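The sequence and structure come first.

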Amino acid sequence: MADNNNCGCWTFLKRGVCNSSSSTTHSANTIPRTSLVYDAATETRCLNASNRELFPPSEARLSSDNLDPPTSTKTKSPRQLLQFTFQELKSATGNFRPDSILGEGGFGYVFKGWIEENGAPAKPGSRITVAVKSLKLDGLQGHREWVVEVAFLGQLHHPNLVKLIGYCIEEDHRLLVYEFMTRGSLENHLFRRTIPLPWSNRIKITLGAAKGLAFLHGGPEPVIYRDFKTSNILLDSEYNAKLSDFGLAKAGPQGDKTHVSTRVVGTYGYAAPEYVMTGHLTSKSDVYSFGVVLLEILTGRRSMDKKRPSGEQNLVTWARPYLADKRKLYQLVDPRPSYNG
Ligand SMILES: Nc1ncnc2c1ncn2[C@@H]1O[C@H](COP(=O)(O)OP(=O)(O)OP(=O)(O)O)[C@@H](O)[C@H]1O
Ligand SMILES: [Mg+2]
């Protein structure tokens with residue numbers, strides 16, 4: 001896959017135009033926001049919040065309340081996402097074959113598919129492998145999340161965020177097309193496999209996910225992710241971690257505001273207690289979720305596990321006494337033997 005390291009755009013996306021600078025042509029069908037593009041040479045500065053492009057204040061802010069979807073079937077979105085027809089994605093996934101299902105989440109099924117460089121469907125097993133997420137037809141909430149995902153992920157570019165390649169909006173169909181992440185989710189590796197994840201991989205994944213989160217939080221217009229959890233951390237062939245699922249993302253507080261007031265959404269076991277109680281959202285809410293995931297990585301235990309004895313079902317509650325005592329800390333660590341490869 002061709003990947004332009006300078007601008008972070010995929011130059012092969014011929015149905016769009018690689019343009020990392022601000023798009024000034026906005027229509028009702030486009031997402032009016034400048035691109036946020038990662039540049040490998042400036043990662044440190046990005047993480048220090050000084051190198052992300054600013055948005056003109058007049059431009060619409062992204063939030064789950066900004067629900068103007070890119071509805072045109074002809075207009076290119078400013079992030080040069082590919083716009084697929086439903087028929088194209090049907091062909092790309094072999095008619096949404098059950099044996100090409102990669103997983104299922106609250107949004108719907110995720111299928112493996114294949115496309116040409118220009119986005120046309122390709123023969124199974126050839127050209128570019130993609131993951132196609134298909135929204136269950138369950139009303140407005142799914143559509144909202146679909147719009148928010150396209151809006152944010154279409155414009156945020158970083159090696160630790162999954163790449164959104166394109167989308168399909170046609171009648172009731174809402175689909176998203178991502179780069180294929182060979183090793184699936186961290187959740188699968190931590191909790192669904194018999195062989196424990198090697199510690200070196202756990203560390204690499206933790207650092208990668210932290211960099212993704214720091215990128216979101218670190219700019220002049222911070223983004224609060226709101227869904228940091230092991231199933232949303234995807235892994236490529238070399239265990240590089242990439243954050244996925246931006247349907248709950250929210251623009252952070254502006255100016256002298258300390259928080260965003262919002263209805264409480266997220267996943268039980270990961271959401272910060274103060275956010276759940278007050279609805280006041282800050283980037284610290286993501287940091288809390290990061291802490292929960294870090295505990296899952298260290299302990300090999302799920303954040304919520306109803307199969308464990310009471311007192312051990314909530315990971316944070318169970319772990320807290322160990323965290324407070326240096327001499328007990330090591331007792332938290334996943335006891336399963338694992339290779340350090
Ligand atoms: N880009 C991708 N490449 C490879 N596999 C993927 C990709 N995106 C998703 N998957 C697989 O599909 C599964 C379902 O993903 P999805 O994001 O729909 O749900 P989830 O994260 O498991 O749950 P939730 O809906 O609560 O976020 C993932 O766990 C992962 O195994
Ligand atoms: Mg997910």
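## Polar contacts

Which polar side-chain atom lies 2.6 Å from an oxygen atom of ligand 1? That atom belongs to Lys229. Asp245 also places a polar side-chain atom 2.9 Å from an oxygen atom of ligand 1. The backbone takes part at Met181, where a polar atom is 2.9 Å from a nitrogen atom of ligand 1. Polar contacts are pairs of N or O atoms within 3.5 Å.

## Cover and pocket

On its own, ligand 1 has 610 Å² of accessible area (Shrake-Rupley, 1.4 Å probe), and the protein covers 87% of that area. Ligand 1 takes up the space of the largest pocket.

## The shell

The shell around ligand 1 splits into 7 nonpolar, 7 polar and 5 charged residues; Gly counts as polar. Among the 19 residues around ligand 1, Gly106, Lys133, Met181, Lys229 and Asn232 come nearest. A residue is near if one of its heavy atoms lies within 4 Å.

Strands S2 (101–104), S4 (128–134) and S6 (173–179) each give two or more residues to the shell. S2 gives the most, with 3 residues. Strands are DSSP E runs of at least two residues.

## Basis

This is a predicted model; local features need pLDDT of at least 70, side-chain atom pairs pLDDT 80 or more, while totals for chains, interfaces and linings use all residues. Residues are numbered from 1 along each chain, chains are lettered from A and ligands numbered from 1 in written order, and side-chain values use heavy atoms, without hydrogens and water.

Technical notes: A polar contact is a pair of N or O atoms within 3.5 Å; within protein, one must be able to donate a hydrogen and the other to accept it, and residues adjacent in sequence count only if both atoms are side-chain atoms. On a 1 Å grid over the protein atoms alone, a cavity is a set of points where a 1.4 Å probe fits but cannot get out, and a pocket is an open set with protein on both sides within 12 Å along at least five of seven lines; lining residues have an atom within 4 Å of a point. A molecule sits in a cavity or pocket if more than half of its atoms lie within 2 Å of its grid points. Helices (H or I, at least four residues) and strands (E, at least two) are DSSP runs, numbered from the N terminus.
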